[in-house]
Amino acid sequence: MSSLPYDGAISAFYKKKAPASVRAAIKEANGKPILNSTYPYPERMDRREYEDTLHSLQIELVKLQAWAQGTGERIAIVFEGRDTAGKGGAIKRFMEHMNPRSARVVALPKPTDREATQWYFQRYIQQMPSGGEINLFDRSWYNRGVVERVFGFCTPAERQAFFTQLPDFEKLLVEDGVRLFKIWLNISQAEQLNRMLAREGDPLKQWKLSKIDVDGLQYWDEYSEAISETLHLTHEIYAPWTVIRADDKRRARIAAIRLVLSQIDYSGKKEKIVDKIDPAICGGPALIHA
C-alpha cells in the first residue's frame, strides 16, 4: 500500500489522466510554481518586495481592526476558489497580526443531520460578525453553487432555490450594515495539480488534502461550468465578486488585502500603500476566463 495519502491517487492522476499539456507544464516547472501562459507576469513577485509590501499592508490591517472596534463596524470577507487556490494562505496573512478576539476564521464542516434540515443559509447567519468584528470565511454558502453541484450533493431544485434566495440574503446583510467582500481566487489546472502533488509529498501539508479534493481532479470542466454560472448569477452591485488570478500566491495575497483596505475609509489610512489594485490580476467574473 502506498505511504502517500489516498494511496497516491494524486500522483496516479498526474501520470495517467492529466491532460498532456498539464503534465508537460508540471514536468518543466520541476517543483516550482507554474504561471499560466496568459498570466500577465513572467515571474513570481520578488520575495523581498512581497515581504516589504505585506508588512506595510498588515500594519494597515491592524489600523482597520482598531477602527472597526472603535466604530462597531462589521466586516465579512468571503474567500472562495478551486482546491489549492490559496484561500488558507491569504486568510493567514490577513490574520497574522490582528487581534483574534475580534477577528476570526469561519470554516464550517459538513452540515450535521440537524443542520441539513434547516434553511440553507441558517447556519451561516449565526457566523456573521457582531459589532467591531472581522470574520473571514474559508469557503461559504457558495458551496451549493459549485461543489454541491459538481458532486450531486444537492438537487437541481435546491440549487435553483439557492440562486433565487441568495440576492435577498446578501442584500439584507449589506443593508443592515455588514461590509461584505466576496473574493474568488482563480488558478490554472496545471498549477492546481502542481500544488496538490506538493501537498501529497509533504507530511506537514498532507492534512490539507481531502477526498473531495482528490476526486475533484477529474471534474475540471464541470467545476469550470459551475464556477462561471455561479459567479455571473451572484455578481450584484451591492455584493460584487472580485476575481484574483492566483497562480502567483504572493501577488494574490497582496491583491486580496488591498481590495479590502482600499474600499474602507478607516482612521490613519495610507492611500499610497493601499490604493494600488492591480487590474491585470484583479477584476470581475470575466477574469476567470483569462
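**Questions on the model**

Author: In this predicted model, the backbone oxygen of Asp215 is 3.4 Å from a polar atom of the Gln218 side chain. Gln218 itself is located in the loop between α9 and α10.

Reader: Is Gln218 buried, exposed or partly exposed?

Author: Buried requires under 20% relative accessible area and exposed requires over 50%, with partly exposed in between. The relative accessible area of Gln218 is 46%, so this residue is partly exposed.

Reader: How far apart in space are Gln218 and Pro100, C-alpha to C-alpha?

Author: In sequence, 118 residues separate Gln218 and Pro100. Their separation in space, taken from C-alpha to C-alpha, is 38 Å.

Reader: How many helices and strands are there in the protein chain, and how does its radius of gyration stand against the globule rule?

Author: The protein chain holds 12 helices and 6 strands. For 290 residues the globule rule gives 19 Å, and the chain is as compact as a globular protein of that length because its radius of gyration is close to that, at 19 Å.

Reader: What share of the contacts in the protein chain with a separation of 6 or more comes from residues 24 or more positions apart?

Author: Along the principal axes, the C-alpha atoms fill a box of roughly 55 × 50 × 35 Å. Of the 290 residues, 50% count as buried. Among contacts with a separation of 6 or more, the share from residues 24 or more positions apart is 78%.

Reader: Is Arg195 buried or exposed?

Author: Arg195 lies in helix α8, which spans residues 189-200. The cut-off for burial is under 20% relative accessible area. Arg195 has a value of 6%, and therefore Arg195 is buried.

Reader: Which residue has its backbone oxygen 2.7 Å from a polar atom of the side chain of Arg195?

Author: Leaving aside residues up to four places away in sequence, Arg195 touches Thr84, Ala85, Gly86, Ile187, Ala246, Asp247, Asp248 and Lys249. The backbone oxygen that lies 2.7 Å from a polar atom of the Arg195 side chain belongs to Thr84.

Reader: How do the residues of the lining of the second largest cavity divide by class: nonpolar, polar and charged?

Author: The second largest cavity holds about 60 Å³ of space. It is lined by Glu80, Gly81, Arg82, Asp83, Arg139, Asn143, Val146, Val147, Trp184, Tyr223 and Ile227. Two or more of these residues come from each of β1 (74-81) and α10. The division by class is 5 nonpolar, 2 polar and 4 charged.

Reader: Which element gives the largest share of the lining of the second largest pocket?

Author: About 300 Å³ of space lies in the second largest pocket. It has 19 lining residues, and those closest to its centre are Asn186, Ile187, Trp220, Ile288 and Ala290. The lining comprises 8 nonpolar, 8 polar and 3 charged residues. Its largest share, 4 residues, is from α10.

Reader: Is Gly89 buried or exposed?

Author: Gly89 is in helix α4, residues 87-95. At 18% relative accessibility, against a cut-off of under 20%, Gly89 counts as buried.

Reader: What is the phi of Asp7?

Author: Most residues other than glycine have a negative phi. Asp7 is in the segment before α1 (9-16), and at 52% relative accessibility Asp7 counts as exposed. Asp7 is not a glycine, yet its phi is positive, near 55°.

Reader: Where does Asn30 lie, and what is its relative accessible area?

Author: Asn30 also is not a glycine and has a positive phi of about 55°. The residue lies in the loop between α2 (20-29) and α3 (47-71). Asn30 is exposed, because exposed means over 50% and its relative accessible area is 67%.

Methods:
Residues are numbered from 1 along each chain as its sequence is written. This is a predicted model: local features need pLDDT of at least 70, side-chain atom pairs count only at pLDDT 80 or more; totals for chains, interfaces and linings use all residues. Side-chain values use heavy atoms; hydrogens and water are left out. Buried means under 20% relative accessible area, exposed over 50%, partly exposed in between (1.4 Å probe, protein chains only). A polar contact is a pair of N or O atoms within 3.5 Å; within protein, one must be able to donate a hydrogen and the other to accept it, and residues adjacent in sequence count only if both atoms are side-chain atoms. Contact means heavy atoms within 4.5 Å. On a 1 Å grid over the protein atoms alone, a cavity is a set of points where a 1.4 Å probe fits but cannot get out, and a pocket is an open set with protein on both sides within 12 Å along at least five of seven lines; lining residues have an atom within 4 Å of a point. Grid points are joined across faces, edges and corners, and a volume is the space filled by probe spheres set on the points. Ala, Val, Leu, Ile, Met, Phe, Trp, Tyr, Cys and Pro count as nonpolar, Asp, Glu, Lys and Arg as charged, and the others, Gly among them, as polar. The radius of gyration is taken over C-alpha atoms; the globule rule is 2.2 Å times the number of residues to the power 0.38.
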